[in-house]
Amino acid sequence: MTFKNDGRDEGQDIPVVSFLWVDVFKSKTENRAITYMKTRPVPAWVTGLGPLRSGAMPVTLLYRRQAKAASESTSLGHNPAHCNETRIMIRTQGLSVQFGERVLFEDVSIKFTQGNCYGLIGPNGAGKSTLLKVLSGETEPHSGSVVIDQGLRVAVLKQDHFEFNEFDALTTVLMGHGRLFAIMQEKNTLYLKPDFDESDGMRAAELEAEFGGLNGWEAEAQAGELLGGLGIPVSRHGLLVRELDDGDKVRVLLAQAVFGDPDVLLLDEPTNHLDVESILWLEDFLLSFQNTVIVVSHDRHFLNRVSTHIADIDYHKVKLYTGNYDFWRQASEMALRHRQARKEKNEDRARELREFIARFSANASKSRQATSRKKMLGQLDVEAIAPSSRKSPHIVFSSERVHSKEMLSLTDVSKSVGGKSIFEGVNLTIANGERVVVVSRDSVATSTFLEVVAGTQEPDTGSVRWAAAVRRSFLPKEYSHLFDVDLSVIDWLRQFSEDPDEDFIRKFLGRMLFTGEESRKSVTVLSGGEKVRCMLARLMLENPQCLILDGPTNHLDLESINVLNNALSKRSGTLIFGSHDVELIESLTDRVIEISNEGLVDHQCGYAELRQRRTEESAMLVGA
Ligand SMILES: Nc1ncnc2c1ncn2[C@@H]1O[C@H](COP(=O)(O)OP(=O)(O)O)[C@@H](O)[C@H]1O
Ligand SMILES: [Mg+2]
């Protein structure tokens with residue numbers, strides 16, 4: 001068992017010293033009882049630092065927590081058995097944030113308590129990233145304050161991918177624990193001193209004590225394990241961050257944030273740029289993480305699996321709800337229905353509530369979720385749930401099929417990007433009506449495959465043949481160049497329409513929430529979310545028999561993602577897509593095509609089945 005010295009429990013630890021620099025010393029800084037024991041060999045990295053002064057030996061302090069009265073130990077907290085559930089980790093008091101005229105929050109007072117995972121949601125631009133920055137102290141609130149319980153370590157997933165460019169991956173992860181990293185550096189400097197004297201020995205002893213208390217001996221192994229879990233092999237741990245691709249940079253920053261078991265972990269859209277396998281790893285990691293997490297995400301599978309609470313930013317307030325995202329969404333839809341039909345009888349409401357509770361109490365997958373679920377069922381009051389102010393777009397694809405049995409065939413297709421082979425000699429056919437997902441750890445591979453299929457890139461060898469007269473539409477990953485024209489939203493969409501009639505065009509824009517003045521503005525000023533809504537309006541208008549989508553949920557908010565997922569589920573035409581949205585993939589796919597370093601593998605089964613197979617295979621390997 002490991003313990004942390006986090007400053008909350010001064011005087012509760014007995015450091016056990018092994019190997020001494022000086023014969024006897026007393027800790028100057030801390031009023032602690034010290035026992036000396038020679039128990040540990042000198043670690044190789046210390047002896048490798050050059051000649052040590054005679055009589056001076058490195059010190060390792062291993063902390064042993066003194067047995068304490070059970071009542072006191074509950075407040076120490078990281079051990080789940082001792083978890084004091086009501087300990088408030090972060091609290092805001094009367095928080096208001098505004099930029100110029102624009103008010104994000106007004107008088108927000110909320111508490112984030114120990115051991116919970118809060119999924120932070122809200123429409124684009126509502127202030128999710130700003131709230132995390134205020135909580136971490138990076139941004140000052142306009143008024144009000146943030147109170148963080150004394151001695152807590154707050155870790156943040158950094159969004160700046162350049163800050164650590166000149167450090168290697170492993171060091172970048174270690175830097176996630178600021179205090180531990182500072183100790184490591186100071187220790188190294190001390191041990192390299194040519195005139196190492198007694199006071200240096202005392203200082204080193206203090207540092208070693210703190211280092212041991214922070215579980216420093218395990219640090220490198222743990223950092224390496226985190227990187228390994230995220231799919232970065234040991235051979236890459238020594239590479240500089242700038243030498244890594246974007247996906248790996250995010251993985252390193254993620255490992256940095258979670259390294260060293262922070263008390264509070266703040267994550268802003270951690271699943272962006274991650275492939276599905278890494279997202280699932282992160283889900284598992286957060287499920288076993290015992291401390292407090294506040295995470296912004298647009299990934300429904302992720303939010304549903306990890307969150308015990310939802311913090312919804314709406315109406316300039318942050319409201320906390322117990323339960324996961326699906327629970328919040330369905331409860332808020334129910335609240336809206338009730339509000340609209342207030343006059344209806346109470347029995348209807350009671351019945352619906354009972355059914356809802358029965359459905360949601362069935363599938364608690366982990367203990368902290370089960371506990372929070374029990375609580376939420378006890379407290380559920382539909383009237384207390386504010387119906388969301390968000391508007392959902394209305395996406396409908398017609399399901400016109402072609403008559404041919406086969407939609408598409410690839411014969412001996414190869415493609416390289418920047419001299420690196422992505423796939424070679426691919427032969428496959430896609431049947432009419434099939435739904436195929438392309439997955440890869442490398443997003444360039446997925447995009448390249450989809451572009452070759454869509455015909456926006458030529459293969460190096462082989463051919464791509466489509467059934468005769470198939471209408472097909474492609475949503476590429478990168479489409480900003482399409483918006484480099486000074487056209488209004490209406491005129492932009494008109495470019496893709498055979499029917500130039502304004503009412504016809506407006507019908508599609510209206511569904512994507514561009515009404516009145518909104519559809520008159522120039523496409524050059526649109527946000528990422530607005531651009532993708534234009535692209536989806538175009539796809540609806542083109543009414544294709546085969547849809548090819550590369551990352552369709554990128555830049556969409558949760559409401560729009562739900563609507564898009566439903567529209568694609570209802571549509572029966574052929575679909576070929578790449579996505580990191582686990583729920584979209586699981587709910588839509590008949591067949592998975594995977595591109596790895598070994599080339600392209602056609603799995604001929606859906607994603608859920610593939611995962612099931614993989615789990616069974618790895619269980620067999622472990623058992624063997
Ligand atoms: N430093 C700043 N100065 C002015 N406006 C800002 C600043 N930071 C964020 N904003 C604005 O505040 C709003 C909320 O931003 P943000 O917190 O990033 O939203 P979210 O993460 O919910 O999408 C946006 O309209 C954004 O343009
Ligand atoms: Mg944001």
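Visitor: Which residue of β11 is the bridge partner of Tyr-118?
Guide: Start with the terms: helices (H or I, at least four residues) and strands (E, at least two) are DSSP runs, numbered from the N terminus. Two strands pair if DSSP finds at least two bridges between them. In β11, Tyr-118 has as its bridge partner Ile-294.

Visitor: What kind of model is this?
Guide: Residues are numbered from 1 along each chain as its sequence is written, while chains are lettered from A and ligands numbered from 1 in the order in which they are written. Local features need pLDDT of at least 70, side-chain atom pairs count only at pLDDT 80 or more, and totals for chains, interfaces and linings use all residues, for this model is predicted.

Visitor: What pLDDT does the protein average?
Guide: pLDDT is the predictor's confidence in each residue, from 0 to 100. Of the residues, 79% score at least 70. The average for the protein is 80.

Visitor: What share of the protein's residues count as buried?
Guide: A residue is buried if 20 or more other C-beta atoms lie within 10 Å of its own, exposed if 12 or fewer, and partly exposed in between, with C-beta atoms placed from the backbone. The protein has 20 helices and 22 strands. Of its 624 residues, the buried share is 37%.

Visitor: How many of the 5 residues of strand β7 are buried?
Guide: β7 covers residues 117-121. Cys-117, Gly-119 and Ile-121 point one way, Tyr-118 and Leu-120 the other, and all are buried. β7 is therefore largely enclosed by the rest of the structure, with a buried count of 5.

Visitor: Which residue in β12 stands opposite Ile-121?
Guide: β7 has parallel pairings with β11, over 4 bridges, and with β12 (residues 309-314), also through 4 bridges. In β12, opposite Ile-121, stands Asp-312.

Visitor: Which residue of β11 is the bridge partner of Leu-266?
Guide: β10 (residues 264-268) and β11 (residues 292-296) pair in the parallel sense, over 5 bridges. In β11, the partner of Leu-266 is Ile-294.

Visitor: Which residue of β19 is the bridge partner of Leu-475?
Guide: Both faces of β18 (residues 472-475) are covered: Arg-472 and Phe-474 on one side, Ser-473 and Leu-475 on the other, are all buried. β18 runs parallel to β19 (residues 546-550), joined by 4 bridges. Leu-475 has as its partner Leu-549.

Visitor: Is Thr-448 buried or exposed?
Guide: Thr-448 is found in helix α14. Beyond four places in sequence, Thr-448 touches Lys-415, Val-417, Ile-422 and Gln-457. With 21 other C-beta atoms within 10 Å, Thr-448 is buried.

Visitor: Which helix gives the most to the shell around ligand 1?
Guide: A residue joins the shell if its C-beta atom, placed from the backbone, lies within 6 Å of the ligand. Members include Phe-99, Leu-104, Asn-124 and Lys-128. With 3 residues, the top helix is α3 (residues 128-136).

Visitor: How many residues of that shell are charged?
Guide: Ala, Val, Leu, Ile, Met, Phe, Trp, Tyr, Cys and Pro count as nonpolar, Asp, Glu, Lys and Arg as charged, and the others, Gly among them, as polar. The shell has 3 nonpolar and 6 polar residues. The charged count is 1.

Conventions: Two residues are in contact if their C-beta atoms, placed from the backbone, lie within 7 Å.
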